Amino acid sequence: MGIIDFEKKEVFAVATEAKHSTGQEATVAQDRTGEECQTVLELEGMTCATCAMRIEKGLKKIPGVIDANVNLATERASVIYALGQTSIEQMVQKVEDVGYKATPLKQTVPAPQPLHETGTVSVSATLLTQEAELFKRRQAEITHKRNLLILGIALTVPIVILSMFFINRFPGESFLLLALTTPVWAVVGWEFHRGAIRNLRHGSANMDTLVSLGSTVAYLMSIVATFFPQVVGSITFYDTTALIVTLIFLGKYLEVRATGQTNEAIRKLIGLQARVAHVMRNGQEMELPIEQVRVDDELVVRPGEKIPVDGTVLSGRSSVDESMITGESIPVEKDEGEALIGATINQRGLLHMRATKDSRRNKRTIYCG
């Protein structure tokens, strides 16, 4: 009986503790309601600045969204919203409602873990994996557009030559031009047609609408002239169809390629900044993303590591490579009380520093999603 009573007491204690813990979590969630939260959305389908403005205006209309900023070059939207008043799912749905696709970019902000615990996944490795996946996806998109462009050029060149220099030279020429033009209009031009249909569903128009409408009218007119010359005459416009699609697709390919190069340059610049920091919390050293570093946190910077954020030396002595900031190749000696610049490199000594700045947009904003 004593053993049974003891087990009952243990079960009651566990249940009481779980109930108390649940109550605490509910209180914390209630206290955080209204707190500013930031998330990043990966966008697809934008073709011009008008698309970015349309998405931005749509996001700002959501109740609870404080600010939204859409970057056409990086194809991302940064949204600041009040926690508890809206959700990421509502933002994604709003972007789809205006005719585009959005994917939440996972902010890798795991719970703090002591460095000595086993099984802890490296934060820096996780962040690098995310960046690698995004880079791979963009490269695949560039490769796909390049292959379509090659197909378009390969078919457009003979179409133009036949239309300009060999018009009505042999029987069945119009049928040959139709066979060459159809893949250009349907396959290469599908991106324009898809964008035009998507915008038509939402009662709007953009560059895709103009390209699709112009090429489709010329294509259909040429088909009528091919099969029913007595209706509209025998003059065809297959070369016009192919040139409209191919030349503007060439511009889109160059735009995507330039955007990819810009993103790569931005990625390299961001790579200069430290991704993680060794922070002292409750007497333990923890590896955290720099997004979780706060003002007055005590940090540990080992030899060869980048200084995560701006701060001052608490203890230790070292030389720091500040060439990325000052251009001076000679390392600068740092002693207690001296200022440290984020992203510079600690060369030889162990430094304990206190953060004077953090990487947040403002002190009330947290990263979610």
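**The open sheet and its surroundings**

Modeller: In this predicted model, 6 strands make up an open sheet, with antiparallel pairing and the order S6-S5-S7-S13-S8-S11. Strand S6 (284-289) and strand S11 (339-340) are at the edges; each has a single partner strand, so one side of each has no neighbour in the sheet. Within the sheet, strand S8 (residues 311-315) runs antiparallel to strand S13 (residues 351-355), and 4 bridges join the two. One of the residues involved is Gly311, whose bridge partner in S13 is Ala355.

Next, the cores. The largest nonpolar core holds 22 residues, and Leu41, Leu43, Met46, Ile55, Leu59, Val79 and Val95 have the most contacts inside it. At least two residues of this core come from each of strand S1 (36-44), helix H2 (49-60), strand S2 (65-71), strand S3 (76-82) and helix H3 (88-97). Another core, apart from this one, has 20 residues, including Leu155, Leu180, Ala242 and Val245.

As for the second largest pocket, its space is about 780 Å³. It is lined by 32 residues, of which Gly45, Glu75, Glu141, Lys145 and Glu191 are the closest to its centre. Two or more lining residues come from each of S1, helix H4 (123-165), helix H5 (173-188), helix H6 (190-201) and helix H9 (238-271). The most come from H4, which gives 8 residues. By class, the lining of this pocket comprises 13 charged, 12 nonpolar and 7 polar residues.

Note on methods. Residues are numbered from 1 along each chain as its sequence is written. This is a predicted model: local features need pLDDT of at least 70, side-chain atom pairs count only at pLDDT 80 or more; totals for chains, interfaces and linings use all residues. Side-chain values use heavy atoms; hydrogens and water are left out. Two strands pair if DSSP finds at least two bridges between them. A nonpolar core is a set of buried Ala, Val, Leu, Ile, Met, Phe, Trp, Tyr and Cys residues joined through side-chain atoms within 4.5 Å. Buried means under 20% relative accessible area, exposed over 50%, partly exposed in between (1.4 Å probe, protein chains only). On a 1 Å grid over the protein atoms alone, a cavity is a set of points where a 1.4 Å probe fits but cannot get out, and a pocket is an open set with protein on both sides within 12 Å along at least five of seven lines; lining residues have an atom within 4 Å of a point. Grid points are joined across faces, edges and corners, and a volume is the space filled by probe spheres set on the points. Ala, Val, Leu, Ile, Met, Phe, Trp, Tyr, Cys and Pro count as nonpolar, Asp, Glu, Lys and Arg as charged, and the others, Gly among them, as polar.
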